[in-house]
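Then let's walk through it together, one piece at a time.

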Amino acid sequence: MNCDSSVVFDLQPGSILVTPEQSHVVVDREEVTHVVIAPGEQGPPGPAGPPGGGGDQYVTRTAGQTISANRVLYDRAGLVYPLGQTDGDNIFAILGLAVSAGQAGAQISVQRSGTVTDSGWSWAFGRVYLGANGQLTQTPPTSGFSVLIGFAATATSINLSINDPIEV
């Protein structure tokens, strides 16, 4: 017997249901089942996410040491540290740009893509690279690794687009 879940019968004890496979079905008192479907209540809202997007644009990690905001970080076993362009041991573990600061053990917000704005910046229109100790620079490195972090579209903002490191 094929059942169509969109068809609902409200059978009372003693009702007769005629089906193509059977001549009739009598509903006994023991067979009566009442199913009540009612909408539930909406739960409380969750915590606010980071500004400007979602997905993998932001991640939160634990600082492995004191970290300043606007430093490029690498991830090692869930702890983040500033990454310099000569750090060949960790260069491929690049995570993103710290958008918050904190002491060792603090939670740090790290932005991986999108636009970062800081009123203290004064960039020239152009490319932004990884420098020493996680700092940002517009001077391409001459030793270690060249890592394009993004593009300064205005004096106070960088459009992040972290590229793979290239050994120079």
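We'll go from the strands to the core, then to a charged pair and a loop.

First, some ground rules: this is a predicted model, in which local features need pLDDT of at least 70, side-chain atom pairs count only at pLDDT 80 or more, and totals for chains, interfaces and linings use all residues. Residues are numbered from 1 along each chain as its sequence is written, and side-chain values use heavy atoms, with hydrogens and water left out.

Let's start with a sheet. Five strands make up an open sheet, running in the order 8-13-12-9-10 with antiparallel pairing. (A strand here is a DSSP run of E with at least two residues, numbered from the N terminus; two strands pair if DSSP finds at least two bridges between them.) Strand 8 (113-117) and strand 10 sit at the edges with a single partner strand each, so one side of each has no neighbour in the sheet. Further in, strand 12 and strand 13 pair in the antiparallel sense over four bridges. If you look along this part, you'll find A152 opposite I158 in strand 13.

Now for the nonpolar core, meaning a set of buried Ala, Val, Leu, Ile, Met, Phe, Trp, Tyr and Cys residues joined through side-chain atoms within 4.5 Å. Buried means under 20% relative accessible area, exposed means over 50%, and partly exposed is in between, using a 1.4 Å probe and protein chains only. The largest core has 19 residues, and L136 and I149 touch the most other members. Among the strands that each supply at least two residues to this core are strand 9 (126-130), strand 12 (148-154) and strand 13 (157-161). Which residues does L136 contact, leaving aside its neighbours within four places in sequence? They are N70, V72, L97, W121, W123, V128, Y129, I149 and I158, where contact means heavy atoms within 4.5 Å. There's also a second, separate core of nine residues, including L73, V80, A98 and V110.

Next, the charges. Side chains of opposite charge can pair when their charged atoms come close. A salt bridge is a side-chain nitrogen of Lys or Arg within 4 Å of a carboxyl oxygen of Asp or Glu, and the count here is one. R61 pairs with D75, their closest N and O atoms being 2.8 Å apart. R61 is in strand 3 (residues 58-63) and D75 is in strand 4, 14 residues apart. R61 is partly exposed at 25% relative accessible area, while D75 is buried at 19%.

Last stop: P140 lies in the loop between strand 10 (136-137) and strand 11 (145-146). P140 is partly exposed, with a relative accessible area of 44%.
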